[in-house]
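Have the sequence and the 3D view ready as you read.

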Amino acid sequence: MRMEIASGVVLWPGLLPPADQRALAAFILETAVFFRPTMPGSGQPFSVEMSNFGTLGWVSDREGGYSYQPLHPTTGKPWPAM
C-alpha cells in the first residue's frame, strides 16, 4: 500500500518485512556505524547521530566544517554502497 504523506514523500508500510528491517539495521551498524558530528567553530556535538551510504557522506567537524567526504570520520573506511 502506497501512502503519500507529503508532496513528494511516499511511505510504503509493510514493503520491507520486519526480519529484513533487522538485517538492514545490523548491516548499517556493522558497515556504516553511527557517529555524532560536531558543530564547526564551537565543536559542540550535534543532538543526533547519523550515518551515510554512497560515494560521499555528509559530515561536520570543528576543523573542516560542513562537507562531503569519501571516508567515515570514525572508522576511516569508505562509506558502503547504496
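Phe 27 is partly exposed, since its relative accessible area is 36% (buried means under 20%, exposed over 50%, partly exposed in between, with a 1.4 Å probe and protein chains only). Keep in mind that this is a predicted model, where local features need pLDDT of at least 70, side-chain atom pairs count only at pLDDT 80 or more, and totals for chains, interfaces and linings use all residues. Residues are numbered from 1 along each chain as its sequence is written, and side-chain values use heavy atoms, leaving out hydrogens and water.

**Aromatic pairs**
- There are four aromatic pairs in the structure (ring centres within 6.5 Å, using the six-membered ring of Trp; planes under 30 degrees apart are stacked, over 60 edge-to-face, the rest tilted).
- Phe 27 and Phe 53 make a stacked pair, because their ring centres are 6.2 Å apart and their planes sit at 15 degrees.
- Phe 53 is partly exposed too, at 25% relative accessibility.
- Trp 58 and Tyr 66 are also stacked, with 5.6 Å centre to centre and 15 degrees between the planes.
- Trp 58 is partly exposed at 27%, and Tyr 66 is partly exposed at 47%.
- Ring pairs join Phe 46, Trp 58 and Tyr 66 into a cluster.

**Around Asn 52**
- Asn 52 is buried, with a relative accessible area of 12%.
- A polar atom of the Asn 52 side chain lies 3.1 Å from the backbone oxygen of Trp 58.
- Leaving aside residues up to four places away in sequence, Asn 52 touches residues including Ala 32, Phe 35 and Trp 79 (contact means heavy atoms within 4.5 Å).

Conventions
Polar contact = N/O pair within 3.5 Å; in protein donor to acceptor, adjacent residues only side chain to side chain.
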